[in-house]
Amino acid sequence: MKHVRVVDGALVAAESADDATFTLTEAPSDDPRTVTVASVEADLARIAERVAHWPQSAAVCDDVLRALDPAGPAFAGLITESLAYSTLQAGAEFARWLAQRGPAQVPVTADPVVAERVDDCLRIAFNRPHRHNAFSTDARAALLDALEVARLDPSVREVVLVGNGPSFCSGGDLAEFGTFTDPASAHLARTRYSPALVLAELTARLGRACRAEIHGQVQGSGLEMAAFCGWVRCHPDAVLGLPELALGLIPGAGGTVSITRRIGRWRTAYLVLSGRSIDAATALRWGLVDEIG
């Protein structure tokens, strides 16, 4: 068992699991501070290489997760996350990724989110199947419009979030990243028009009746939003992860709040820093999802 902490672009030994960024073990463990892996040394070497390549993003991730009070209001956590995310958007690591990506064009989708109400149930579906429902600015606006119906109408007693096509949501549309040249404007857009905050409010009101049904690729912002729901049903084929570090960023759709509330800061840090995805069975065992079916 190895307790490790992110310090100045490197992984160093931590005194305890509580002090650690995360703890790796090769033995089965239900301790939310630990992650069971096939080889501790191999995993540590791989993560150390990633942390050395994205030292600023790794350090900010650790700082934000340690600053979060999982029992506190979602708003406070999202503000902290967004300010940190905006800082990284202005940093060298994100600029390096943008330069490597090069110019990109976001394809236009007529109805990026579709909603249908039957009796007291509102079913909201991501509808960019050709992009594995990658989350774009127009999808965010359409999702907010649909969620506002449920937020303002007390006769809506059930909300179901799904994805059309092969995946629930593969995360933010990478073709759109970097379109905000002003990090302050990006922060205000994220926090003033936040599906995460509305989902948190709906879950507080509806509990398990605000649920997500996830399948296929469930990455980045897709996983972050689903985790705010009061109940998450996961298809056995689902692949769940937080890939943002490879862009020089951290989760930016509320995941430092929603995912940490479900699985703790240690396993959240592991998902971000390792870049590894997990399967449905692992997600259920950790508490990231509530059922497989």
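This is a predicted model: local features need pLDDT of at least 70, side-chain atom pairs count only at pLDDT 80 or more; totals for chains, interfaces and linings use all residues.
Local features require pLDDT of at least 70, side-chain atom pairs count only at pLDDT 80 or more, and totals for chains, interfaces and linings use all residues. Residues are numbered from 1 along each chain as its sequence is written, and side-chain values use heavy atoms, with hydrogens and water left out.

The protein chain contains 10 helices and 13 strands. These are DSSP runs, numbered from the N terminus: helices are H or I with at least four residues, strands E with at least two. The C-alpha atoms fill a box of roughly 55 × 40 × 35 Å along the principal axes.

Of the 293 residues, 53% count as buried. Buried means under 20% relative accessible area, exposed over 50%, and partly exposed in between (1.4 Å probe, protein chains only). Among contacts with a separation of 6 or more, 70% come from residues 24 or more positions apart. A contact means heavy atoms within 4.5 Å.

Five aromatic pairs were counted. Rings of Phe, Tyr and Trp (its six-membered ring) pair if their centres lie within 6.5 Å; planes under 30 degrees apart are stacked, over 60 edge-to-face, and the rest tilted. Phe-22 and Tyr-270 form an edge-to-face pair, at 5.8 Å centre to centre with 80° between the planes. Phe-22 belongs to strand 3 (residues 22-25) and Tyr-270 to helix 9 (residues 255-274), so the pair ties together parts 248 residues apart in sequence. Phe-22 is buried, at 0% relative accessible area. Tyr-270 is also buried, at 4%. The Phe-126 and Phe-135 rings are edge-to-face as well, with centres 6.0 Å apart and planes at 80°. Both of these residues are buried. Ring pairs also link Phe-94, Trp-97 and Phe-177 into a cluster.

The structure holds 16 salt bridges. Each is a side-chain nitrogen of Lys or Arg within 4 Å of a carboxyl oxygen of Asp or Glu. One of them joins Arg-33 and Asp-18 (2.9 Å, N to O). Arg-33 lies in the loop between strand 3 and strand 4 (34-36), and Asp-18 in the loop between strand 2 (10-13) and strand 3, so parts 15 residues apart in sequence are tied together. Glu-201 and Arg-151 meet in another salt bridge (3.7 Å, N to O). This pair links distant parts of the chain, with Glu-201 in helix 7 (residues 195-206) and Arg-151 in helix 5, 50 residues apart.

Arg-233 and Glu-213 form a further salt bridge, with the closest N and O atoms 3.4 Å apart. Arg-233 lies in strand 10 (residues 231-234) and Glu-213 in strand 8 (residues 210-214), so the pair ties together parts 20 residues apart in sequence. Arg-233 is partly exposed at 31% relative accessible area, whereas Glu-213 is buried at 17%. Shared partners join Glu-158, Arg-211, Glu-213, Arg-233 and Glu-291 into one salt-bridge network.

Arg-157 lies in the loop between helix 5 (137-152) and strand 7 (158-163). At 51% relative accessibility, Arg-157 counts as exposed. Beyond residues up to four places away in sequence, Arg-157 touches Asp-120, Leu-206 and Ala-209. Arg-157 and Leu-206 are 49 residues apart in sequence and 6.7 Å apart in space, C-alpha to C-alpha.
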